[in-house]
Every structure is written in C-alpha cells, then in structure tokens.
Amino acid sequence: MLTDPIAALATPPGRSALALVRLSGTGAFGVAMKVIPSFKTDPPRTAHLARFVDRDGHTIDRGLYLVYPAPHSATGEDLVELSCHGGLMVPSRLLEALHSAGARPAAPGEFTRRAVLNGKLDLLQAEAVGDLIEASAPAQAGAALHQMEGGLSRRIAALREELLDLESLLAYDIDFPEEDDGPLSRARIEARRLEVAASIDRMLASAPAGERLRDGALVVLTGAPNAGKSSLFNALLGSTRALVTEVAGTTRDAIEAHTDFLGWPVRLVDTAGISTDPDRLEAMGMEMSARYLEAADLVLECVETGGRGGSGAVTAPRNPVALTASKVKRIVVRTKSDLGAGSGHDFPVSAVTGEGLDGLRRTAGELLFGARMPLADLEPALTRARHRDALVKAQTALADAREHLLPGGDAVLAAHHVRQATRALDELVGTVDLEQILDRVFAGFCVGK
C-alpha cells in the first residue's frame, strides 16, 4: 500500500474566492514545513493563519491551514488542508511548491482510496462519496449521503451476521454432533437458510428502484410528428433544449437532458416522430427512437388534441415498441389540451398554459419511484450493478446449499456454499474472520463447558 505524501486541489479550478489543497501521507508534515515556515502540528484540527512560500522562499499567498495527525483524519494518515485564495495562479503555485517539497500529485480518487485502505470508509461508503458529488437531484443526494453515513453498510453487515449464524449452526452440526442435545435438526438449519434467503430477496427487490435513483430514470417521449413532444420536453425541463416549429418532423435525432420530477432524478429524452411514410432521415431517427423506447423505464406517449381541422379528436401513432412492450410503463399524454377536450382516458397537459405539468411529474415519479417515495432516504437500497451482482451470487450460493440439507445430505458441502455466500458479501464490505464463526459456536451452544 502506498503511503507516500500526495497533494491535490480539492476544489474545482478556476475563478473563485477560495481554493482548498489537501496533503496526505507519511511525511506530509515534513513537506508542509517546507511550504509553511511557521508550520506546527499543535493544536491539531485548529485553523492557523500562515504564509505559504515556494522553494525559493517567495511568498505565494497568506491563508489558513489545519493539521490532522494520523489516525484521526479523513484518510487515516497525517493530513494537512491548506486554504488559499482561488483563481488559477495561486492554487497552481501552491501545488507546485508542495510537489517540489516532496509530495507527488494524487491519482484520481486516491484520498478516498487511502481512506478505504486505512479503515475509515468501506467500499460502499467510498462509492457513495462519488455519488454525492455527482448527484443532480435531491433524492440522489439524500440516498448518497445515507449510504456514505453507513446505511447500506449496516444493512449488508446485518445480512452477514445472519450468514454467520447459519455457518455456526452448520459448524456445530459438523464438529460437535454429540454435545448437549445431540445433532441439530436439519429442518431447523433449513428454516434458518430460508430466513437468510428471504433477507437477500428483500434486498435484491430494492435494486431496480435503487439503480434508477442513482442513474436517473429513463423517460422517453414518443408520438407522431408535430404531436407536441418537443414542446412538452422543453416545458418539463423548464428551458428550451429542443427546436419547436409548426413543421412536422423538426426533431430528427434523440435529445437527452437531466431533470427531476419532485426531486427524483430523470433522464428525459425527446425522440423523432413516428411517421407512417418516413423519408431516409426520418427512418434513421425512428430507429434511434426504437432503441430508446426499448431501454425506457417510462414512455410518455404524446397524442395531439385536435387536428388541423380543429375537431377535438385525439390522434395517436401506433408504435409497436411503445404499445406492446409490457415491461415498459406508459402514460398517454394528451398534448395541447388548451385547444380542446380529450377522450377522458389520457393525461391532458399544455406546454403553453402549464396545465397538467405538475400532475404529470407526480404521476411519472410515482410510477418510477413509488416504492421508495414514502421511504425517502431512510431505507438503503442497492444502487449499482456491482451491489446487485454480489447479492445474486450470495442468493445462488444459498440455493446450492439446499440439497445438502436434505436427509442424507452432506453438511460440509452445505457449509461450503454458505461460506461462498458470505464471501460474495466480502466484495462489498470486507472480509470475514473465521474466528467469528468459532466464537458463535462456543458462545451460543456452550461447547466445551
């Protein structure tokens, strides 16, 4: 594990009032002494006003620095944070001075990586740091913060505890069959296996909504040319991103933008109109639309109120992907509702008056995140494919243990599969100490009294 001193800018480069530079690693204090003539380590975690100098002793800036001695720091190493004036010149000169004094430039994410290696964060919390930085909607930020504070880690740890309990039952059955009440009932062990499997199933059930929460739900607008898709797209965004004209087929390509529905993240996509007699460019746009529709979490099928004759009828394209893909949720949206009445079986909205937009956002949000909305950020969820894959491995391993718990089965092989399930969780939060299993055997069953 690398522990050499590293330094990097912790705030975005560019014009700003202040900039923060971090310095961490073995020997960080020695590096700081060469850049801060008045540097001192006592008292720690206290802001000191000081002069920052380059390798020739020329003043770079006057600013604040704080000292965090190991292991009581974010990285678990000796850490110094230097606050200087912002902009391009001062922070770059300060970093150059630190590098000249013996610190190397930090690799991407290296401060967080060292925090993980030094036990300050687990992998789930480290991932949440990145998610919090990338969050673009309140619900995303809340979920990331909850995970960073250990919400998901505690849930995984509780699941590991259940697996360790199951391993201890199997260890008792294997190693101590003659103790106390005799061998454990296989039915009792199987009942415990089913309980653990149910816990895994409940966690896996949170994965689709959790991944949508992290990545943003894909909401695709589809419909006939000039059905008001682009106007609705702009209205839901609150800004003009797509061109809107009275000419049918203005949108030839898919346009994607990020927004939120009532604080829940959405990737909104405006697609080319579905035409019955497309030209070559329209056909290419429709192919792109089909790919988005196949991947969509929700389709807003736009139909137009009235036609050129103003009859008030609703016209809707028959798109096979939008209408027959049962896995895709769909809302029929009657656009231009200010022009006339609809059928009563659709959702009326007007990009001109704003009618129905809030209701559409609410309905869409409930369809996409309904299971999580009442929980907000209180219930941790699996937010990455890596999390889901690890739980699926654990689920499969537990299922493989079942046949070995039947009468005549081999408890050793059952224990092997349960241990595989535990190791699958190790990919998320750390390693299992086999001594924990032995401790449970002796403490729970009074072995060797």
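This is a predicted model: local features need pLDDT of at least 70, side-chain atom pairs count only at pLDDT 80 or more; totals for chains, interfaces and linings use all residues.

Leu262 has a relative accessible area of 48% and is therefore partly exposed, since that value does not exceed the 50% cut-off for exposed residues. This leucine sits in the loop between β8 (255-261) and β9 (264-270). Its backbone deserves attention: phi of Leu262 is near 55°, a positive value in a residue other than glycine.

Arg45 is placed in the loop between α1 and β3, and its relative accessibility of 48% makes it partly exposed.

That loop brings me to the peptide bonds. Asp42 and Pro43 are joined by a cis peptide bond, with omega at about -10°. Pro43 belongs to the loop between α1 (28-35) and β3 (48-53). A cis bond also runs from Ala70 to Pro71, where omega is near 0°. Pro71 is located in the loop between β4 (59-68) and β5 (79-87).

Let me turn to the chain as a whole. Its secondary structure amounts to 15 helices and 13 strands. Of the 449 residues in the protein chain, 47% are buried.

How are α6 and α14 oriented relative to each other? Helix α6 (residues 151-175) packs against helix α14 (residues 411-429) at an angle of about 160°, and their axes are 10 Å apart. The two are therefore roughly antiparallel, the angle being over 145 degrees. Their crossing is left-handed. On the α6 side, the residues in contact include Ile156, Leu159, Leu163 and Leu166, while α14 contributes, among others, Ala411, Val418, Leu425 and Val429. By class, this contact comprises 15 nonpolar residues, one polar and five charged. Among those taking part are Arg160, Glu167 and Asp173 of α6, and Arg419 and Asp426 of α14.

The partner on another side of the discussion is helix α13 (residues 385-401), which packs with α6 at an angle of about 15°, the axes lying 13 Å apart. With an angle under 35 degrees, α6 is therefore roughly parallel to α13. This crossing, too, is left-handed. Here α6 supplies Leu152, Ile156, Leu159, Leu163 and Leu166, and α13 supplies His387, Leu391 and Leu398. The contact of α6 with α13 has seven nonpolar residues, one polar and no charged ones.

I move on to two individual positions. Ser206 occupies the loop between α7 (186-205) and α8 (207-215). Is this serine buried or exposed? Its relative accessible area is 12%, so Ser206 is buried. Leaving aside residues up to four places away in sequence, Ser206 touches Ala381 and Leu382.

Ala295, in turn, is part of helix α10 (residues 280-295). With a relative accessible area of 49%, Ala295 is partly exposed.

Finally, the cysteines. How many disulfides does the structure hold? The number is zero. Cys84 is buried, at 1% relative accessibility, and Cys302 is buried as well, at 0%.

Methods
Residues are numbered from 1 along each chain as its sequence is written. Side-chain values use heavy atoms; hydrogens and water are left out. Axes are lines fitted to C-alpha atoms, for helices over the stretch in contact, and angles run from 0 to 180 degrees between N-to-C directions. Helices (H or I, at least four residues) and strands (E, at least two) are DSSP runs, numbered from the N terminus. Angles under 35 degrees count as roughly parallel, over 145 as roughly antiparallel, 65 to 115 as roughly perpendicular and the rest as oblique. A crossing is left-handed if the near helix is turned anticlockwise from the far one by less than a right angle, and right-handed if clockwise. Contact means heavy atoms within 4.5 Å. Ala, Val, Leu, Ile, Met, Phe, Trp, Tyr, Cys and Pro count as nonpolar, Asp, Glu, Lys and Arg as charged, and the others, Gly among them, as polar. A disulfide is a pair of cysteine sulfur atoms within 2.5 Å. Buried means under 20% relative accessible area, exposed over 50%, partly exposed in between (1.4 Å probe, protein chains only).
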